[in-house]
Amino acid sequence: SLDLGRSASVDTTYVLTTIPAADPHNVLVEEFTGVKCSNCPAAHDVLEGLEHTYGTRLNVIGLYIYNFLQTEKHHESVYDFRDSAATAIGQSVYKGVGRMPIGGVDRLPAGIEPPLLLQLNATQWTALIDSRLTIPDSVNLKLESSYNSTTGIATITATVIYTKPVSSTQNLSMVIVEDSVIDAQEFPPTPFGPFVDGYDPEYE
């Protein structure tokens, strides 16, 4: 189990005499998904293909919210992936999640015409991700981490360098994610295919 109750932070402010060039922008994708969402694996395949293309410049987080039928455990599930932080993001940032698969890119709306929606269909992800990868950042961020297996304490150091003036309020959030977890996942049932029963018991 992971105990985050002992977390503590220290903030140090510094001034650089030379402002560095802006790093290439890395993109955040928050993907709302569910074990009982049979169309979600196909949507995730889109993101997985983009991850292969862009590597570490694309950061995808799968979010499983509470109080949503498609995120409930399958009768063959071992794990319950639902999380209170994911639920809070869905409510406070995305103003509620009403359907799946759905996701957000850099928490920005797509397009220039109303309604400017933060929640995007899988068909909208690629174009917005491609455009976001080309922008220069106003912040260079470097993360370093270490873990002491004796004490069970992890240390994460974030170095934040502003490359141009920023007037808006700034927040720094750090997320610990797991991947490669094997469990049941619903798929559209196929009469002669691998998912006759409508689920894959060993989905990654």
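**Ground rules.** The model is predicted, so I take local features only at pLDDT of at least 70 and side-chain atom pairs only at pLDDT 80 or more, while totals for chains, interfaces and linings use all residues. Numbering runs from 1 along each chain as its sequence is written, and side-chain values use heavy atoms, with hydrogens and water left out.

**Helix α1.** I looked up α1 and found 15 residues, 40–54. Helices here are DSSP runs of H or I, at least four residues, and strands are runs of E, at least two, numbered from the N terminus. From first C-alpha to last, α1 reaches 21 Å, close to the 21 Å expected at 1.5 Å a residue (the expected span is 1.5 Å times one less than the number of residues). Next I checked burial (buried is under 20% relative accessible area, exposed over 50%, partly exposed in between, with a 1.4 Å probe and protein chains only). The buried residues of α1 are C40, P41, A43, L47 and L50. Their cover includes strands β1, β2, β6 and β7, plus helix α3. Just past the helix, G55 has a positive phi of about 60°.

**Disulfide.** I found one disulfide in the structure (cysteine sulfur atoms within 2.5 Å). C37 and C40 form it, with their sulfurs 2.1 Å apart. The link is right-handed, at 85° about the S-S bond. Both C37 and C40 are buried.

**D106.** I went to the loop between β3 and α3, where D106 sits. At 16% relative accessibility, D106 counts as buried. Its side chain makes a polar contact with the side chain of H25 at 2.7 Å (a pair of N or O atoms within 3.5 Å; within protein, one must be able to donate a hydrogen and the other to accept it, and residues adjacent in sequence count only if both atoms are side-chain atoms). Leaving aside neighbours within four places in sequence, D106 is in contact with H25, N26, V27, L28 and R132 (heavy atoms within 4.5 Å).

**Aromatic rings.** My search of the whole structure gave four aromatic pairs (Phe, Tyr or Trp rings, the six-membered one for Trp, with centres within 6.5 Å; planes under 30 degrees apart are stacked, over 60 edge-to-face, the rest tilted). One is Y64 with F81, tilted, at 5.2 Å centre to centre and 40° between the planes. These two lie 17 residues apart, both in the loop between β2 and α2. Y64 is buried at 18%, whereas F81 is partly exposed at 26%. The Y79 and F81 rings are also tilted, with centres 6.0 Å apart and planes at 40°. Y79 is partly exposed at 41%.
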